[in-house]
Amino acid sequence: MGILASREWHKEGLCANEASDWWFYEMPVGGNLTPEVRQQIKVAVDICNECPVKLQCLEQGLESENLINGSIWGGMLYHQRRGIAKMRKHKR
């Protein structure tokens, strides 16, 4: 069983010892993020960008159950992951 299938990679994530709510945020009606939420997203993405398991996290974030608005996986926001998922679907 590979590291992605086993989810053992989670232990290697830089987020493992951080507050998990940094990677989940409220999407306001209309989509205009507050400065506080923008800062939260920036901090989370900065951590992701230094993470040794960023690609494994992104792969998990591309799974349909994780394509939820208001979440960050592998340093990417929902709309970014949705775009990748759509491109992959069209290549099949």
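What share of the 92 residues of the protein count as buried? The figure is 30%. Buried here means under 20% relative accessible area. Keep in mind that this is a predicted model.

Start with the overall layout. The protein has four helices and two strands. Read from the N terminus, its elements run α-α-α-β-β-α. The radius of gyration is 14 Å, close to the 12 Å that the globule rule gives for 92 residues, so the protein is as compact as a globular protein of that length. Along the principal axes, the C-alpha atoms fill a box of roughly 40 × 35 × 20 Å. Now look at contacts with a separation of 6 or more. Residues 24 or more positions apart account for 50% of them.

Next, go inside. In soluble globular proteins, nonpolar side chains tend to be buried together. The largest nonpolar core here has eleven residues. Among them are Trp23, Tyr25, Leu33, Ile72 and Leu77. Helix H2, residues 35-49, gives the most to this core, with six residues. Ala44 is one of the core residues. Leaving aside residues up to four places away in sequence, Ala44 touches Trp22, Trp23 and Ile72. Another core lies apart from the largest one. This other core has five residues, including Trp9, Cys51, Cys57 and Trp73.

The protein exposes about 6300 Å². Carbon and sulfur atoms supply 55% of that area. Then there are the charges. The protein has 12 positive and 11 negative side chains. The centres of these two sets lie 12 Å apart.

Technical notes:
Residues are numbered from 1 along each chain as its sequence is written. This is a predicted model: local features need pLDDT of at least 70, side-chain atom pairs count only at pLDDT 80 or more; totals for chains, interfaces and linings use all residues. Side-chain values use heavy atoms; hydrogens and water are left out. A nonpolar core is a set of buried Ala, Val, Leu, Ile, Met, Phe, Trp, Tyr and Cys residues joined through side-chain atoms within 4.5 Å. Buried means under 20% relative accessible area, exposed over 50%, partly exposed in between (1.4 Å probe, protein chains only). Contact means heavy atoms within 4.5 Å. The radius of gyration is taken over C-alpha atoms; the globule rule is 2.2 Å times the number of residues to the power 0.38. Accessible areas come from the Shrake-Rupley method with a 1.4 Å probe; for residues, only the protein chains shown count as cover. Lys and Arg count as positive and Asp and Glu as negative; His and the chain ends are not counted. The place of a charge is taken as NZ of Lys, CZ of Arg, CG of Asp or CD of Glu.
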